[in-house]
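Let's take a walk through a protein together, one stop at a time. Have the picture open and follow along.

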Amino acid sequence: MSPKHIILWGGWYGSKNVGDQALLLSITDMLGESVEDVEFVVITANPARVEEYMKRDSIYSFQALHARRQFGKVVKAFAAADLFIFGGGVPFYDDISHSLAIGLLVTLARLFRVPCILWSVSSQHIRSWLSRAILRYLLSYASVVTCRDTHTHHLIRECSTGGFSAQIVADPAFTLRPNEDLEFAQKLLMRAGSPVFERFVALTPRALRGRDGEVHTHYSPRPTSDRLKEVEVFASVLDWLWENGYQPIFVPMNTVAPDDDRAIAREIVAHARYGQQALLIDEEVYPREAENVYCLCHAAFVARVHGSVMSFLGECPVMMYAFDLKHRGIMEQMGLSDFLFEPEQMRAEDAVLMMSRLLSQREAIQAKMRLKHIELVESARVPLRGAVEILTMKRRV
């Protein structure tokens, strides 16, 4: 019996970002465990990076192809494919070249009659007629459509025809299997400068830039005042933590410029009164170990979606610096919307009070997180059932 060929595209799988890597690993884990004899093709702008971490962290067979430079191989992959997946993350936003790439991939799927599913996708605001038209083109063909938040659900309803609606499901990374050995995480903390593992609080900021390709597409451009506000807020929380007997430690989710979390961490350290007392993990954190790093912490304050997911998986109560739509969506999924710091309405003092409340309610929050995790895993597996049904029908045919 020949293997099933599955193509995955998520826009950012080739980045050095824990979240994007966790999405690809979790989706392929679920499929590999549920479908006998499966091979994956990952379409990406950075095949070498995908190959590096998939060989390290995955047991499944895969091929990474550059979307443009290996377009001929991409076409051949579609000719042999059994399923095409828009996999997690934020694939929908206003950018002409990005939207055209989506349109081309959907056209290849249609041409070769490859079933297409949207696996727990999220979106930014989409205002351009072209981006909306291409999304409508995709929705008219997709067999299964799932999203991870209410604003994406609303957008899909607007762009679909015939009363079509998506199902809201959990982020696939909630199913990610961790490294069972805590040793790697412990060594990370030791190299960061701590010989004792107690009373850590993780800080995971994300630099808000106004002139950067990703910021202009994936996010709305931010004025300098927004970046300064983030530095001020994280510095205030850092100072309060140190004054109250906690060890602040910066945990990066991305370690490549221009999106390197360590750069904004150093700005915060320079601004904070007790900045030099903070520790910094000054190296890459891998997805399967990220959960363990947060597990060693009492709480976390993050500005990255999958910083919050990894913290949740590690049963580490988390508050979110919510500068974008997707931050609200993921915190609502985790039942932690009471711990959304909204920079446009709130002050640094409010973040300190929120962290104090988070730590004071830590055990009760952890108990709720354990129950919620069971629910989220079940929800995250909903797209899997649709994928398996499609692949089973194709095998019978």
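Is histidine 151 buried or exposed? Histidine 151 is buried, because its relative accessible area is 19%, and buried means under 20% (exposed is over 50%, partly exposed in between, with a 1.4 Å probe and protein chains only). Before going on, a word on what you're looking at: this is a predicted model, where local features need pLDDT of at least 70, side-chain atom pairs count only at pLDDT 80 or more, and totals for chains, interfaces and linings use all residues. Residues are numbered from 1 along each chain as its sequence is written, and side-chain values use heavy atoms, with hydrogens and water left out.

Back to histidine 151, which sits in helix 6, residues 150-159. Helices (H or I, at least four residues) and strands (E, at least two) are DSSP runs, numbered from the N terminus. If you skip neighbours within four places in sequence, histidine 151 is in contact with Ser122, Ser123, Leu325 and Lys326; contact means heavy atoms within 4.5 Å.

Now find the open sheet: six strands in the order 10-9-8-11-12-13, with parallel pairing. Two strands pair if DSSP finds at least two bridges between them. Strand 10 (279-280) and strand 13 (340-341) are at the edges with a single partner strand each, so one side of each has no neighbour in the sheet. Strand 13 pairs with strand 12 (residues 318-321) in the parallel sense over two bridges, and methionine 320 stands opposite leucine 340 in strand 13. Helix 14 (residues 348-360) packs on this sheet, touching strand 8 (200-204), strand 11, strand 12 and strand 13.

What about the nonpolar cores? Such a core is a set of buried Ala, Val, Leu, Ile, Met, Phe, Trp, Tyr and Cys residues joined through side-chain atoms within 4.5 Å. The largest one has 108 residues, and Phe301 and Met355 have the most contacts inside it. Apart from it lies another core of 33 residues, including Phe78 and Leu155.

Last stop: helix 4, residues 96-111. Its 16 residues, at 1.5 Å a residue, should span 22 Å, and its end C-alpha atoms are 22 Å apart, which agrees; the expected span is 1.5 Å times one less than the number of residues. Among the buried residues of helix 4 are His98, Ile102 and Leu105. The buried residues of helix 4 pack against several elements, including strand 1 (4-9) and helix 5 (129-139). After helix 4 comes arginine 113, with a positive phi near 55°.

Notes:
Axes fitted to C-alpha atoms, helices over the stretch in contact; angles between N-to-C directions.
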